[in-house]
Amino acid sequence: MPRFRALIMGAVTALVIGGVAPLPATAATGDGSPTDANISFTGRWDTRNPAAYTPYWAGAYFTTGFTGTTVKLKQRGAIDLYYSIDGAPFVYRTNVSGTVNLTSTPLRAGDHTLRVSYRVVAGSYHGDAVFQGLVLDAGASTFRANVPSTLLEFVGDSITVGTTTSKNALTAYGWLVGERLHVRHTQIAQGGACLVATADGCVGLERQFLKLNPNAATPDWDFSRYQANVVVINLGTNDSGHGVHTPEFQASYTNLLREVRAKYPYATIFAMETFRAKFVAQTQAAVKALNDGGDPNVVYVNTEGWLTSADLSDSVHPNDAGHVKIADRLAPIIAARIGAP
């Protein structure tokens, strides 16, 4: 028996040494580098370069805790960004680059939290949204902040981006709903996007939903990076202006719903009626196709009467008050599905 136990222990040791069961790498944890495991990245971030992480879609952000009295960002090039320390209202900084001091007045000594999001314009980042790490006080370190496990993903065009609002993605209904329900949230949205990719160049989210970058055919997004609990789709406002016809729209919407389901098997999917009532029957038919196929967790959201002309900045885009009204209507619908207060 002792000899058998020795053989087993030797085999286990050989497996570990051989790399089958390696210990997790923790060398970078706490140093504020992009690979620091204490920094939580929400949304689709390009992490292929370990020295520089880049988000592509609207509403991406990162969260971390840190010790000490100061914190600085290392930015590759000029960028507009928002940051919040210890849950305070977001501060807006424009055209900053290099080492960006976020604490011109030192904080009290102790533990703090930080959240940073880059500003988008029409779905593309306004400047060089490349995060190269944090600079902390001597002897200070990061720590893992409390980050909710539930995640909402909002798929759409410039309305979902928050175009014409005061803080873009941060004052768009998706961000507002996520904050209200105290969950993580991200906006897979592109200004001017259609559902269907068109010959005149309209970005089609039926195709680009699967991608890391809304403006590139490759690479595909790795959906194992996170799983959304809820996906909210608001598409169709732009398609008719690019020559998309109703049968094509319905088929593409049905396909998008199936793509989302394949990538997020357990998510509730909400298909919103566009606020200009574009392709209503086709959106409803796409939802019905999934329901009839045995998927009850795809839900059509009737938005009739949610907005008036006073809630719009122009003929299409909601203003700040309009996005608040959308969030007022949408948050309870989502909360009922995820059990949020």
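Let's start with a helix pair: α5 (residues 246–263) and α6 (residues 280–292) pack at an angle of about 40°, their axes 8 Å apart. Axes here are lines fitted to C-alpha atoms over the stretch in contact, and angles run from 0 to 180 degrees between N-to-C directions. Helices are DSSP runs of H or I with at least four residues, strands are runs of E with at least two, and both are numbered from the N terminus.

A word on the source. This is a predicted model: local features need pLDDT of at least 70, side-chain atom pairs count only at pLDDT 80 or more, and totals for chains, interfaces and linings use all residues. Residues are numbered from 1 along each chain as its sequence is written, and side-chain values use heavy atoms, without hydrogens and water.

Back to the helices. On the α5 side, the contact includes Phe 249, Tyr 253 and Leu 257. On the α6 side, Ala 286, Val 287 and Leu 290 are among the partners. Contact means heavy atoms within 4.5 Å.

Now, His 112. Where does His 112 sit? In strand β7, residues 111–118. His 112 is buried, at a relative accessible area of 1%; buried means under 20%, with a 1.4 Å probe and protein chains only.

What does its side chain reach? The side chain of Asp 86, in a polar contact at 2.8 Å. Also the backbone oxygen of Gly 68, at 3.3 Å. A polar contact is a pair of N or O atoms within 3.5 Å; within protein, one must be able to donate a hydrogen and the other to accept it, and residues adjacent in sequence count only if both atoms are side-chain atoms.

Notes: Buried < 20%, exposed > 50% of the residue type's maximum accessible area, 1.4 Å probe, protein only.
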